[in-house]
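This report describes one protein model, starting from a single residue and moving out to the whole chain.

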Amino acid sequence: MADGTSANPGTLPSVGRQYDAGPYLPRHGGLGALRRAAAGCQGCPLFEHATQTVFGAGPAHARLLLVGEQPGDQEDRQGEPFVGPAGRLLHRALEEAGLGDEDTYVTNAVKHFKFTTAARGKRRIHKAPNLREMSACRPWLVAELRLVEPEVVVVLGATAGRALLGSSFKVGEQRGVLRPMPALGEDPSDSWPGQLLATVHPSSVLRSDDREAAFRGLVGDLSVAAAALA
Ligand code: SF4
């Protein structure tokens with residue numbers, strides 16, 4: 001069974017090794033430099049089985065920045081975030097909320113696809129990243145946020161929420177409400193005057209028993225972000 005968590009001892013001994021993307025970050029440059037450097041990241045074992053790093057995409061000074069969990073199967077193959085079924089649903093929800101793609105930067109909390117392969121066939125099944133992998137990958141997300149400095153950040157689902165709001169974050173309790181952008185480091189002043197809003201991940205809408213109600217909920221939360229940007 002292929003598993004996005006298993007390390008290849010030849011390239012990255014996971015036992016006793018600290019997972020951290022930090023050493024791969026460039027000291028200078030904009031989003032282009034970050035994207036190029038992220039393509040070679042081996043900060044945790046997830047790079048080994050994924051096809052490629054899927055970095056964020058969008059305008060360098062977008063007013064809205066969306067953070068998902070990790071690339072899915074289609075994103076991994078195409079190298080672009082939010083191009084699979086959940087991404088298509090998200091774009092529809094953004095449109096209904098009055099938010100256009102032209103001023104939106106999209107990225108993920110974790111930049112490599114984590115998966116297991118079904119016992120029969122070659123279907124790759126998404127696996128949620130664990131805390132070590134999320135922490136390892138966080139320097140890329142923080143660097144993107146610092147460069148883009150959007151007016152509103154929307155975190156989509158629990159993983160993205162935990163990456164920016166801490167491990168106690170629960171999307172069901174904290175969705176749909178604008179709050180000041182939290183500090184990105186230990187210094188409380190390490191932020192900018194933006195706002196953050198949490199909502200569900202679009203893949204949860206696809207899994208919902210009542211897709212229409214779940215979709216309406218997502219659009220409703222995104223409409224709060226749209227009103228803040230109006
Ligand atoms: S998931 Fe993040 S930290 Fe891990 S190898 Fe990929 S880019 Fe680096």
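Ala-225 sits in helix H8, which spans residues 211–229. Helices here are DSSP runs of H or I with at least four residues, strands are runs of E with at least two, and both are numbered from the N terminus. The model is predicted: local features need pLDDT of at least 70 and side-chain atom pairs count only at pLDDT 80 or more, while totals for chains, interfaces and linings use all residues. Residues are numbered from 1 along each chain as its sequence is written.

Ala-225 is buried because 26 other C-beta atoms lie within 10 Å; buried means 20 or more such atoms within 10 Å of the residue's own C-beta, placed from the backbone. Gln-195 is 30 residues away from Ala-225 along the chain, and their C-alpha atoms are 8.9 Å apart.

The ligand has 16 residues around it, and Cys-41, Gly-43, Cys-44, His-112 and Cys-137 come nearest. A residue counts as near if its C-beta atom, placed from the backbone, lies within 6 Å. Helix H4 (residues 131–148) gives the largest share of this shell, four residues. The shell divides by class as follows.

| Class | Residues around the ligand |
|---|---|
| Nonpolar | 10 residues |
| Polar | four residues |

Buried residues account for 40% of the 230 residues.

How values were computed
A residue is buried if 20 or more other C-beta atoms lie within 10 Å of its own, exposed if 12 or fewer, and partly exposed in between; C-beta atoms are placed from the backbone. Ala, Val, Leu, Ile, Met, Phe, Trp, Tyr, Cys and Pro count as nonpolar, Asp, Glu, Lys and Arg as charged, and the others, Gly among them, as polar.
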